[in-house]
Amino acid sequence: MLKTNFKSAMKLLSEEREALRSGQLAQVTDMAEQKVALMRDLTALRLSAKDAEALRDHARDNAKLLQAAMQGVAAARERLAALRAVRQGLNIYTAQGAKQTVAKQGGGLEHKA
């Protein structure tokens, strides 16, 4: 039973790693409950030091990947917000230090003769 649970946990961590590496964050979310349940089961068992270390290292690597993915999503959100802000107009500061938005002009091309 120990090896089955250990192997199941290692398999799930490997699947999580692949999902993180391929950007399938929804799949990572779906695995969360299963991961918690497996880890809870493993804490009740007496794992060898080697097995516990392998699980810890795998989980730590996945945590680093997850952190990087979260930073990437945050950076993308910031970039999209900046692009939306540019579409709405340009923010400048007056000589008095007050923030002012210069509205975007019409979106068409201007033709001069």
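1. Let me start with Glu-15, which forms a salt bridge with Lys-11, the closest N and O atoms being 3.0 Å apart. A salt bridge here is a side-chain nitrogen of Lys or Arg within 4 Å of a carboxyl oxygen of Asp or Glu. Both residues lie in helix 1 (residues 2-21), four residues apart, about one turn of the helix. Glu-15 is partly exposed because its relative accessible area is 33%, and Lys-11 counts as exposed at 54% relative accessibility. The classes are these: buried means under 20% relative accessible area, exposed over 50%, and partly exposed in between (1.4 Å probe, protein chains only).

2. A word on the basis of all this. The model is predicted, so local features need pLDDT of at least 70 and side-chain atom pairs count only at pLDDT 80 or more, while totals for chains, interfaces and linings use all residues. Residues are numbered from 1 along each chain as its sequence is written, and side-chain values use heavy atoms, with hydrogens and water left out.

3. For orientation, the protein has three helices and two strands, and from the N terminus on its elements run α-α-α-β-β. Helices (H or I, at least four residues) and strands (E, at least two) are DSSP runs, numbered from the N terminus. Of the 113 residues, 16% count as buried.

4. Please look next at Glu-16, which forms a salt bridge with Lys-35, the closest N and O atoms again given as 3.0 Å apart. This pair links distant parts of the chain, with Glu-16 in helix 1 and Lys-35 in helix 2 (residues 25-44), 19 residues apart. Glu-16 is buried, with a relative accessible area of 7%, whereas Lys-35 is partly exposed at 24%.

5. What joins the side chains of Glu-16 and Asn-62? The two side chains are joined by a polar contact of 2.7 Å. Such a contact is a pair of N or O atoms within 3.5 Å; within protein, one must be able to donate a hydrogen and the other to accept it, and residues adjacent in sequence count only if both atoms are side-chain atoms. Asn-62 has its place in helix 3 and counts as buried because its relative accessibility is 2%. Glu-16 therefore takes part in a salt bridge with Lys-35 and in this contact with Asn-62, and its own relative accessible area of 7% makes it buried.

6. Helix 3 deserves a check of its length. Its 40 residues (residues 49-88) should span 58 Å at 1.5 Å a residue, and the end C-alpha atoms are 58 Å apart, which agrees. The expected span is 1.5 Å times one less than the number of residues. Asp-51, Leu-55, Asn-62 and Ala-69 are the buried residues of this helix. Ala-59 also lies in helix 3, but counts as partly exposed at 27% relative accessibility. Ala-59 and Arg-17 are 42 residues apart in sequence and 9.0 Å apart in space, C-alpha to C-alpha.

7. The side chains of Asp-57 and Arg-56 meet in a salt bridge (3.2 Å, N to O). Salt bridges that share partners join Arg-56, Asp-57 and Arg-60 into one network. Asp-57 counts as partly exposed at 29% relative accessibility, and Arg-56 is partly exposed at 42%. A search of the whole structure finds four salt bridges.

8. Now the strands. Helix 3 is followed by Gly-89, whose phi is positive, near 145°. Five bridges join strand 1 (residues 89-93) to strand 2 (residues 99-103), and the two run antiparallel; strands pair if DSSP finds at least two bridges between them. Gly-89 has Ala-103 as its bridge partner in strand 2, and Asn-91 stands opposite Thr-101. The two strands form a hairpin with five residues between them, and Gly-97 in the turn has a positive phi of about 90°.

9. Finally, the surface of the hairpin. Leu-90 lies in strand 1 and counts as exposed at 54% relative accessibility. Leu-90, Ile-92 and Val-102 form a nonpolar patch on the surface, with about 240 Å² of accessible area together. Patches are made of residues with over 30% relative accessible area and no salt bridge, like charges being joined within 9 Å and nonpolar side chains (Val, Leu, Ile, Met, Phe, Trp, Tyr) within 5 Å. Accessible areas come from the Shrake-Rupley method with a 1.4 Å probe, and for residues only the protein chains shown count as cover.
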